[in-house]
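Open the model in your viewer and keep the selection panel at hand. The stops below go from whole chains to single elements.

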Amino acid sequence: MNNFEPLIAVFSCHYCSYAAADLAGTSRIQYPPNIRVIKVPCTGRVSVNHILRALECGADGVYVAGCLEGTCHFMSGNYKAKHRVQYVKDLLSEINVEPERVQVYFMSAAEGSKFANIAREMTETIKELGPSPLKQTQSE
Amino acid sequence: MSLRQALESGKFVVTAEVAPGKGTDVEHILKDADIIKDRVDAINVTDLQSSVMRLGSMAFCHFLTEMDIDPVFQVTCRDRNRLALQSDLLSAWVLGIRNVLALTGDHPVLGDHPEAKPVFELDSVSLLDCIGKLNSGVDMAGNELKGSPDFLPGAVVNPGADNEAAMDLQIMKMEKKIEAGARFFQTQGVYDLDAFEKFMKRVEGLDTKVLGGIILLKSVGMARYMNKNVAGVFVPEPLIQELKASEDKAQASVNMAVRLVKGMKDLCDGVHIMALGWESKIPPILDEVGL
Amino acid sequence: MGNELRTGVFVCHCGINIAGVLDIEDLCEYAGTLPTVVAVKPNLFTCAETGITEIKKAIREHDLNRVVVAACTPRTHEPIFRASCQEAGIDPYFFEMVNIREHCSWVHRQAGEAAQAKARDLIRMAVAKAAFLESLETFRSNVEPRALVLGAGISGLTSALALANEDLEVILLEKEAEMGGLLRDLHKLAPSDVAATELIAEKISAVKAENRIQCFTSATLEEVTGYIGNYSVRFSSGEEVHTQKVGAVIVATGGAPLEPVGLYNYDGKRVITQSELELRLRDGKIDAKSVVMIQCVGARIPERNYCSRICCMVAIKNSLHIKEIVKDAKVFVLFRDIQAYGVENEALFLKAKEAGVRFIRYSLDNLPVVEDGKVKIYHHAMGKEVPLPADLVVLSTPIVPHDDAQGVAQILKVPVNEHNFFLEAHAKLSPLDFATNGIYLCGNAHYPASVREAIGQALGAASRASIVLSHDTIERVGTVATVDTRLCSSCFACVKVCPYQVPQMNEEGKAEIEPMQCQGCGICVAECPAEAIQFRYVSDEQILAACEALCA
Amino acid sequence: MIVAERKPMEEILAMTADFQRILVLGCGGCTTVCFSGGAREVETLSTLIRMDRKQRGKPVGTVEALTELQCEPHSVTPVLEKLKGQYDVVLSMACGAGVQTVAKLFPDQRVFPALNTNFTGMAEEHGVWKELCLACGDCILDRTGGICPVTRCAKGLLNGACGGASEGKCEVSKDLPCAWQEIYHALKRLNLLSYLKERPKVKAWPIHPSRVVREDLRQVAATEVD
């Protein structure tokens, strides 16, 4: 388990968190290589089924990274994302998958270091949880 | 003198109320009834009050008739459809019960079997209609009865409704109940005589008798509980303080009741005293007001 | 060949930016093993002339119909590659970019094989997604070269004139019987000392002389339908009702100072507002020997928690005017904080202090008390209450939106904030735009503004509007949501969740999204319970394909 | 519309535990509109079932399909016929009527309900549905200001308020307005308070299951016409 390197899918909005990830890059801020970003125009585009499918297809964790509250380029997309993520957490609890595997974060385009910190934080969280229960039985 | 005769005589009528318990033990409640037997015109027996499953009203009313007490059979619409209600009414009559108080009843969710199916096929008004039909010798379906009752139907009204809409609705419904045959009303517990006077002004001229409800206030906690949880009952703060300051709570409660009965003598046709186990306090109250 | 997918993958070294960390040869080899991939090429710099040429060449040689470039961020380079695809004859939207620089080589420099694995994963996800890319339609519509300006105060007049100067027609609506707004009742403007009435009279006559501007007074906006370039507007002016077509709308409806009813014994005689003081100053009717001004009256309190921003400068300016008229007058300004931003305002503040205007701070828990002939105030420095003589008390009240602001907002379908000020699309990115394209805002309608700020915003809003109005047609690439009406269950969810109120039910009772209005956020797409709304730019299939390709 | 909500996953998973191929069958009618059984919910539920079975080491196949109206036989039959042989059990995301329609049309097929059907109501706001109609078969809304006491009064009273309301709220819950006070206000606004004095007939309860028949619409056999 110590060698477990989680695979984490990130739904990132074009205007804020994807830009923050770019800024982390240009600033050469190092963070764990466990995340895989899927770009969306707005986190409001991310549906419950997208998150579930990422988990079903092997992600140990998923997070949605949108604009800071009150600054969504599309006004309310990040709030939608927040509520949908909460809904997914509830669904996961119902099938005994740790709801902590799914998170939502908010950041501005100027927060490259925050993007890196969140990638670190999420990687740690999922490392502590261990591999997705959907994978564990497969490998048995 | 029966309740009917008492009401017709024009005297100031006094009724009381007892509640059967959960189980078959009836002794101590019959004792309570015995204490007030000679001081009241009739005693109501509640019908699973607060929707808590208990011994039924009809059986207990029957015991009272055997003690020469005129019982008021309380009937709610909560848990019987029209078949059961009519049948129970006929049964009550043959057991010697002559007075019926028609109520809608509390919702089962308030009681100790909250998942019970609420019936409410009839409501207080249509139940009064139904009693009228039975009195006239037919059932609700229009079939003739072989032998029919002659109940004295009564109803309740809540003079403490907390807003204009609720008050208007209470009074409109009271009028409907009179139309449907209610001959007397017992009210929810009253503590504020001014408010009660206003209520009586509004129902002035209605062809019925009103017995003001008096609930003996046993403690400050009970007052606060009723203010918070019992619709239409409001114990004004000065009364609560009076009770709080008194050393002999029971005596203070009696004093309050005496004031209320005295006040009601000028406002309505009688009182309905709900002693909640303090039946022994009823005679001193009546002594004090000379009833 | 038919519909067979033929994907070309181009992996960029970006000099040593990528190649210094990642093994490009390995990535190319890996990309070659992926389904649909028929051509793979490494480039030293894909975005350089040589790289672009190689992409175009490969498209032709291998008959590619999908192009994936693994390089830097699409936020800067995507347009270049899309254009290259188009030049080589394939749809520019059949292009997908993988960010292995900002998101990989630059941030995982010590990660070794893990970084390499991530780059492989990202390329695999992009190739999978590319299979579902779709061609996008471009929508076009004509533009009515005419603007609607709401409000003929300083902001609206300025906007209208600026647009007319661009040779654009303007319809200017004023709800009052006369144009001019708040400036009609002001004295002199700081720091220029220009008389407000002169300034506004000049603007009004210029507008009246301008035949490209049609002015309507006593006007009420009744209905606005349509979208950027094509709004249909219905309004009344007096008894007449007009319908006009416009291409853009500028909201310059302004605000008004709060009337301090019930505050500090306000009576309009001995206790007046700054606006009432301005009138007296203008008419020279000031003889008070001792004046106390109270700031933040009805502002920065729980129920109106904003700072009106301009009142401090108004008080400072007016205290100097009083000093000019009544030489030995004592002026006290009771304040909570002073808002005197900018070089000139700061200078004026110092000038007032030098002129002997006394500034005394008060706090919310120790409010000044206005009594007959005096104001009592707790003086923090002295630690006690002091009485100030007051022949005249002047209350500085905040600018508040007009009562009808919300009504106008509803007609235009634009948002207002908690205080009913109009809300811009983005405080920094689009401060003069509404979220709805083609509608702009300026002046007090947005937030209390000085005359100078209002003019600046008005010119800016006019400039924003003229960008739209100076084109004959307006184009919109199809990065928009579309409804498959066969699937629509008429549940109204899209109508309810769209932040721009774009989806509408059509006459058949099915949802319809006007492409010229859709902003392309995808919120309705992810909400629609019937999955009847498609978003071809970022379709469910694309996102799910990327998810499914997370693991090899 | 008919409002339903998904059953707890535990119940659905237990029902379907012994099956290897599940047809998750949505409905394009009411349950799409109330967000419990449309295409999106079908996908969500299918994914959740697959995820659960995967982590239990008992993978399952799901087939996702949608009937336009599951309470209409003509809408159901072709969908199920087309998918014949691809599933062992039907997990219906329609209301109880839809589930029973499938069960009646395919009597040899196991059909399970994925939803609990709650009531007939309206979308009070996006994401909130409210019960409004009990389908009693004897509508009196014309006399009650458009507010149904049979449904919205906890006791279904027809003759006005009981004495149990406090501060305008029903005795059963502080979140529930007293329907009769609402009726009072509605009638007052319409200047029709006199309606409250009427004494409606005691409701005649229909025999369940009830039927509605329009003879003019029925397909009459040609021989009968002759």
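This is a predicted model: local features need pLDDT of at least 70, side-chain atom pairs count only at pLDDT 80 or more; totals for chains, interfaces and linings use all residues.

**Chains and contacts**

Select chain A and chain B: no contact (heavy atoms within 4.5 Å) joins them, and their closest C-alpha atoms lie 26 Å apart.

Residues are numbered from 1 along each chain as its sequence is written, chains are lettered from A and ligands numbered from 1 in the order in which they are written, and side-chain values use heavy atoms, with hydrogens and water left out.

**Chain A against chain C**

Now show chains A and C, the pair with the most contacts among the 4 pairs of chains that touch. Here 44 residues of chain A are in contact with 47 residues of chain C. The size of an interface is often given as the accessible area lost when the parts come together. For chains A and C the buried area (accessible area, 1.4 Å probe, that two parts lose on being put together, summed over both) is about 3800 Å², and carbon and sulfur atoms give 61% of that area. Select A:Arg36, A:Arg45 and A:Met75: they supply 18% of what chain A buries against chain C, more than any other three residues.

**Chain C against chain D**

The buried area is about 1000 Å², with 54% from carbon and sulfur atoms. On the chain C side, pick C:Lys496, C:Pro529 and C:Glu531, which lose the most area to chain D and together make up 48% of what that side buries.

**Two helix pairs in chain C**

Helices (H or I, at least four residues) and strands (E, at least two) are DSSP runs, numbered from the N terminus. Select residues 154-165 and 451-469 of chain C, helices H7 and H13. Their axes (lines fitted to C-alpha atoms over the stretch in contact, with angles from 0 to 180 degrees between N-to-C directions) come within 8 Å and cross at roughly 40°. That makes H7(C) oblique to H13(C), since angles under 35 degrees count as roughly parallel, over 145 as roughly antiparallel, 65 to 115 as roughly perpendicular and the rest as oblique. Residues that meet here include C:Ile154 and C:Ala162 in H7(C), and C:Val451 and C:Leu469 in H13(C).

Next take helices H9 (residues 274-282) and H10 (residues 311-325) of chain C, which pack at about 30° with axes 11 Å apart. H9(C) is therefore roughly parallel to H10(C). Among the residues in this contact are C:Leu277 and C:Leu281 of H9(C), and C:His321 and C:Ile325 of H10(C).

**A sheet in chain C**

Finally, which strands form the open sheet of chain C? The order is S20-S21-S22, with antiparallel pairing (two strands pair if DSSP finds at least two bridges between them). Strand S20 (369-371) and strand S22 (384-389) stand at the edges with a single partner strand each, so one side of each has no neighbour in the sheet. Neighbouring strands are turned by 25° against each other on average, direction ignored. S20(C) is joined to S21 (residues 374-379) by 3 bridges. Zoom in on C:Glu371, which stands opposite C:Lys374 in S21(C).
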